[in-house]
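Subject: Structure handover

Hello,

Here is the structure I said I would pass on. My notes on it follow below.

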Amino acid sequence: EERFTDMLGGVAVTQRGYANRNPRALLKDKSLSLDDYRAGRVITHPLRIYDYCLETDGAMAMVIVSQEKARELSGKAVDVLAAGQYIFPGSVPMYLYAEKTYSLAPEGAAQQLFGRAGLSASDIDVAMIYDATSMMVPIALEDFGFIGRGEAADFLSSGGNGPGGPLPVNTHGGLLSEGYFHGLNTIAEGVRQLRGDSHNQVEGAETAFVTLRGASSMVLGRA
């Protein structure tokens, strides 16, 4: 249980650190240490109050056009290299029971997505993972092959998702600490990273992975 707590704390604390450097984040002025996290009220064991996304009022919009049109415009373009969406037993929010509680993606989803993009998980520079709860981050990292099955605890508790880590995750603070816009802000941060406009910019980022609720996902590339 201690190891599990450190894993989820590694998500919540790291993402709060990103939010503290993001002026858009609702929790930009509220720091969070691992001790603070451990002391947090348990909502549904083993998830604490800091493991849940925020309730947010707001709006976002995105413009998707052809590559040709995007290059005519003044803004920096970002390419959608691949996208996939799945609905299957256990994947929808109100579905209460699933055969595999350690996965939110069907078998083959990662291979199909990265195959369409002509990339592999190791080619991704930054990941934006839908985090209605912190538990969705380790599941997605394993589902899409960024780490092996069962390796999430070591990866997250050692800061693999943080600044300078092998795969920075949710550099805006995520739904946990920036705000909950049903994942639109997750896409927006992926775009900012590839434009070089993030407040937690990953140097040289050319590819971004994005999930929106489990297996619905995309790969973005710098145009």
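Leaving out neighbours within four places in sequence, Phe114 is in contact (heavy atoms within 4.5 Å) with Leu119, Ser120, Ala121, Ile124, Phe144, Phe146, Phe209 and Val219. This is a predicted model, in which local features need pLDDT of at least 70 and side-chain atom pairs count only at pLDDT 80 or more, while totals for chains, interfaces and linings use all residues. Residues are numbered from 1 along each chain as its sequence is written, and side-chain values use heavy atoms, with hydrogens and water left out.

Nonpolar cores

A nonpolar core is a set of buried Ala, Val, Leu, Ile, Met, Phe, Trp, Tyr and Cys residues joined through side-chain atoms within 4.5 Å. Buried means under 20% relative accessible area, exposed over 50%, and partly exposed in between (1.4 Å probe, protein chains only). The largest nonpolar core has 34 residues, and Phe114, Leu141, Phe146 and Phe209 have the most contacts inside it. At least two residues of this core come from each of α1 (2-20), α4, α5 (136-143) and α6 (152-157). The biggest share is from α4, with five residues. Helices (H or I, at least four residues) and strands (E, at least two) are DSSP runs, numbered from the N terminus. Another core, of ten residues, lies apart from the largest one and includes Ile187, Val202, Ala208 and Leu220.

Ser103

Ser103 sits in the loop between β3 (78-84) and α4 (109-117). Because its relative accessible area is 11%, Ser103 counts as buried. Its side chain makes a polar contact with the side chain of Asp143 at 2.9 Å, and also reaches the backbone oxygen of Ala105 at 3.1 Å. A polar contact is a pair of N or O atoms within 3.5 Å; within protein, one must be able to donate a hydrogen and the other to accept it, and residues adjacent in sequence count only if both atoms are side-chain atoms. Not counting residues up to four places away in sequence, Ser103 touches Ile139, Asp143 and Arg149.

The second largest pocket

A pocket is an open set of points on a 1 Å grid over the protein atoms alone, with protein on both sides within 12 Å along at least five of seven lines; lining residues have an atom within 4 Å of a point. Grid points are joined across faces, edges and corners, and a volume is the space filled by probe spheres set on the points. The second largest pocket holds about 730 Å³ of space. It is lined by 25 residues, of which Val63, Ile64, Val78, Val191 and Arg195 are the closest to its centre. Two or more lining residues come from each of α3 (67-72), β3, α8 (184-195) and β6 (217-222), and α8 gives the most, with five.

Backbone details

The peptide bond from His45 to Pro46 is cis, with omega near 10°; Pro46 lies in the loop between β1 (42-44) and β2 (47-48). Asn170 is not a glycine, yet has a positive phi of about 55°. Asn170 is in the loop between α6 and α7 (174-177) and is buried, with a relative accessible area of 0%. His182, also not a glycine, has a positive phi of about 55° too. His182 is in the loop between α7 and α8 and counts as exposed, at 60% relative accessibility.

Regards

Definitions and conventions. 1 Å grid on protein atoms, 1.4 Å probe; cavity = no way out; pocket = protein on both sides within 12 Å on 5 of 7 lines; lining within 4 Å.
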